[in-house]
Amino acid sequence: MKLLVLAVAFAASGAASAAAADLSSRAWTKAPAAHEAGFNWGGWYVGGHAGGAWGRSDTSSAFINGTAPIANQQAVAAASPRLEPDGFTGGGQVGYNHQVDRWLFGVGAGASYFGLKQARTAAAPFPIGISTFSTTNSVSTDWLVTLRPRVGYAVDRTLFYATGGLALTEMKSSSGFADSTGQNQTAGLTKVTAGWTAGAGIEHAFTNNWSAKVEYLYSDFGKQSFSSPIFAGQTPTAGLIAHDVDLKVSTVRGGLNYHFGGAPVARY
């Protein structure tokens, strides 16, 4: 009986030693700690915006086949002003975002009312002779459409982004000339113009679906040209006045977006 008890005790001791050796030979590893899931900017969104816009439009005029003295023609050209239209802007936007870790890649389209307009009139005596002249120039546009990719970096619920792409607007410009001898000219341009736009913004999600943003955009629509004959009273002459006008616009606007959303993004 004593031999049986000793045999059982010896066997139990050997098993415990083997288990301890096996446990000590195993490499212990610590599982990575997952931080709190971050806000997901990915998916479709739709929203609206409002703000202000201010522009710069340089105009120029040149006589072609004019019969007036060169000095007088140069005086009319020198009277071409720089216009600085400004106004309210507001509209809507729709887009899609794809988020990879903290980086965001997206594309958006927007349409805005663009109430930019300004007109200026100048009058002066001709350098040669006793007659005087006056010029009137105006520029305006009523709408803006953009199609823009954007790249951003998210710090959880706050997104910093840069954007740029295509801009479309309908540029309207007119120019008039008249002098005290009866010569006059009126010309106009209405044209849908393609240009480019670029800017940056900050957007913050204050709920899981709603975000607010502020952004700046600079848009350039290039130079447009138009011309019209000079009239002597009601009779057209062989002379023309050619006009150039350009338009560059800065826009600052705030907006709200509704996000249809995706699953939270895990951060490690």
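Modeller: Happy to. Searching the whole structure turns up three cavities of 30 Å³ or more. A cavity here is a set of points on a 1 Å grid over the protein atoms alone where a 1.4 Å probe fits but cannot get out, and lining residues have an atom within 4 Å of a point. Grid points are joined across faces, edges and corners, and a volume is the space filled by probe spheres set on the points. Please keep in mind that this is a predicted model, in which local features need pLDDT of at least 70 and side-chain atom pairs count only at pLDDT 80 or more, while totals for chains, interfaces and linings use all residues. Residues are numbered from 1 along each chain as its sequence is written, and side-chain values use heavy atoms, with hydrogens and water left out.

Let's start with the largest cavity, which holds about 120 Å³ of space. Its lining has 14 residues, and Tyr45, Gly108, Arg148, Arg150 and Lys213 are the ones nearest its centre. At least two lining residues come from each of β3 (86–100), β4 (103–125), β5 (132–155), β6 (158–179) and β8 (210–232); strands are DSSP runs of E, at least two residues long, numbered from the N terminus. The biggest contribution, four residues, is from β4. By class, five lining residues are nonpolar, five polar and four charged. Ala, Val, Leu, Ile, Met, Phe, Trp, Tyr, Cys and Pro count as nonpolar, Asp, Glu, Lys and Arg as charged, and the others, Gly among them, as polar.

The second largest cavity has a volume of about 50 Å³. Residues lining this one include Ser61, Thr135, Asn137, Phe177, Ile241 and His243. Here β6 gives the most, with three residues, and β5, β6 and β9 (235–259) each supply at least two. This lining has eight polar and three nonpolar residues, but no charged ones.

As for the packing, the largest nonpolar core has 15 residues, of which Phe114, Met171, Phe221, Val245 and Val249 touch the most other members. Such a core is a set of buried Ala, Val, Leu, Ile, Met, Phe, Trp, Tyr and Cys residues joined through side-chain atoms within 4.5 Å, where buried means under 20% relative accessible area with a 1.4 Å probe, protein chains only. The largest share of this core, three residues, comes from β9. Apart from it lies another core, of nine residues, and Ile241 is one of them; Ile241 also lines the second largest cavity.

Key
On a 1 Å grid over the protein atoms alone, a cavity is a set of points where a 1.4 Å probe fits but cannot get out, and a pocket is an open set with protein on both sides within 12 Å along at least five of seven lines; lining residues have an atom within 4 Å of a point. Buried means under 20% relative accessible area, exposed over 50%, partly exposed in between (1.4 Å probe, protein chains only).
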